[in-house]
Amino acid sequence: MELSERQKKILRAIVELYVQNAEPVGSKAVAQWAGLDVSPATVRNEMAELSELGYLEQPHTSAGRIPSPKGYRLYVNELMEDYKLSIQETERINEALHTKMRALDQVINEAGQVVAKLTQYPAFALTAAPERVSIKRFDLLAVDQFSFIAVVMTDTNVVRNKLFRMAVEVGEAQLQMLGTLLNTSFTDHSLEELPQVRDKVARHAGQEAYELIELVTGFAVEVLEELRARSIHTAGIANLLEHPEYQSLEKAQPLMSLLSDAEFSPLPAPAGSDVGPSILIGPENVNETLKDSSVIMASYDLGDGMKGLIGVVGPTRMDYAKISARLSYVAKGLSWIVSQGGLPPEGLPGETSTKEEAP
């Protein structure tokens with residue numbers, strides 16, 4: 001059944017008032033908020049019909065109404081206005097993200113902390129492991145006659161290095177020959193293929209050369225295993241306790257435990273959409289612990305086909321428009337940092353409103 005324009009205005013008013021106050025909403029407040037030129041009795045009748053249609057819930061017999069997951073979904077899909085970040089908000093986000101580029105994990109972890117502080121909800125940031133990753137290049141650099149540094153670069157342009165100290169002398173010419181062999185035989189192979197290639201090369205290499213090959217390819221395997229592992233960071237878990245829905249420890253504890261789990265993921269697989277933030281409301285979440293909560297996520301680009309997600313978890317009573325806008329901006333900043341090595345001095349380009357807003 002298609003809702004009337006008045007019913008849509010009433011539903012929108014209830015969602016926005018409940019987001020603001022965390023209290024069931026009565027007909028008089030709805031009439032004033034929505035600017036309806038009708039009596040509270042008419043509004044009550046419309047609210048009763050919205051309840052019968054599943055868009056509203058009544059927590060107590062004498063209380064007002066609150067939105068149901070179905071009501072939130074209609075609000076997000078049809079009634080919610082786009083939220084434009086204020087200049088103050090973009091400046092705060094730019095300042096938080098405008099940092100010297102460090103290890104990717106550290107940047108993602110810091111971005112999660114920024115989001116948790118901006119939204120006052122628990123935040124998560126995760127990276128999607130590439131389906132296939134291989135070593136693109138090996139470089140061996142002599143330090144002295146008994147030590148050298150192995151540098152590996154993957155086909156996703158990740159660079160790692162490791163210092164090896166040997167019990168016997170390793171000459172520069174020997175390292176050059178070993179580097180040529182590694183770049184000829186061990187590049188463009190997946191993690192699963194490297195041991196097979198090493199066994200094949202071992203049949204034609206001397207004992208001393210094979211020991212060096214085993215050391216360097218063992219390091220390459222460590223790097224590929226690290227990149228195949230999904231990286232998950234959470235921040236601001238205690239923020240849950242600041243919201244009325246979770247002030248009961250009995251209700252907050254399962255969700256806090258889930259967010260503290262190193263294997264936590266809001267989705268079966270960390271895939272994001274390029275068209276904008278994704279919003280999962282209540283029962284739309286696959287995890288049973290999230291059935292009474294909402295998850296808002298935005299994807300960011302790590303380059304070379306790799307994606308990540310950054311998002312927040314909180315009650316269904318969230319300001320979806322505002323949080324979606326902030327997450328989109330942070331995700332855009334993360335993509336820029338990864339691709340450019342830092343944000344431009346003037347911050348990210350994009351439309352903002354001029355209205356100043358308190359934190």
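Modeller: A ground rule before we start: two strands pair if DSSP finds at least two bridges between them. This is a predicted model, where local features need pLDDT of at least 70, side-chain atom pairs count only at pLDDT 80 or more, and totals for chains, interfaces and linings use all residues. Residues are numbered from 1 along each chain as its sequence is written, and side-chain values use heavy atoms, with hydrogens and water left out.

Biologist: OK. What is the order of the strands in the open sheet of 3 strands?

Modeller: The order is β4-β5-β6, with antiparallel pairing. Strands here are DSSP runs of E, at least two residues; helices are runs of H or I, at least four; both are numbered from the N terminus.

Biologist: Which are the edge strands?

Modeller: β4 (135-144) and β6 (159-165). Each pairs on one side only.

Biologist: Which residue in β5 does Leu141 stand opposite?

Modeller: Ile149.

Biologist: Now helices. Which strands does helix α9 lie across?

Modeller: Helix α9 (residues 207-228) lies across β4, β5 and β6, at about 40° to β5. Axes are lines fitted to C-alpha atoms, for helices over the stretch in contact (heavy atoms within 4.5 Å). Angles run from 0 to 180 degrees between N-to-C directions.

Biologist: And what does helix α7 lie across?

Modeller: Helix α7 (residues 172-185) lies across β4 and β5, running at about 170° to β4.

Biologist: Whole chain: how many helices and strands?

Modeller: 11 helices and 10 strands.
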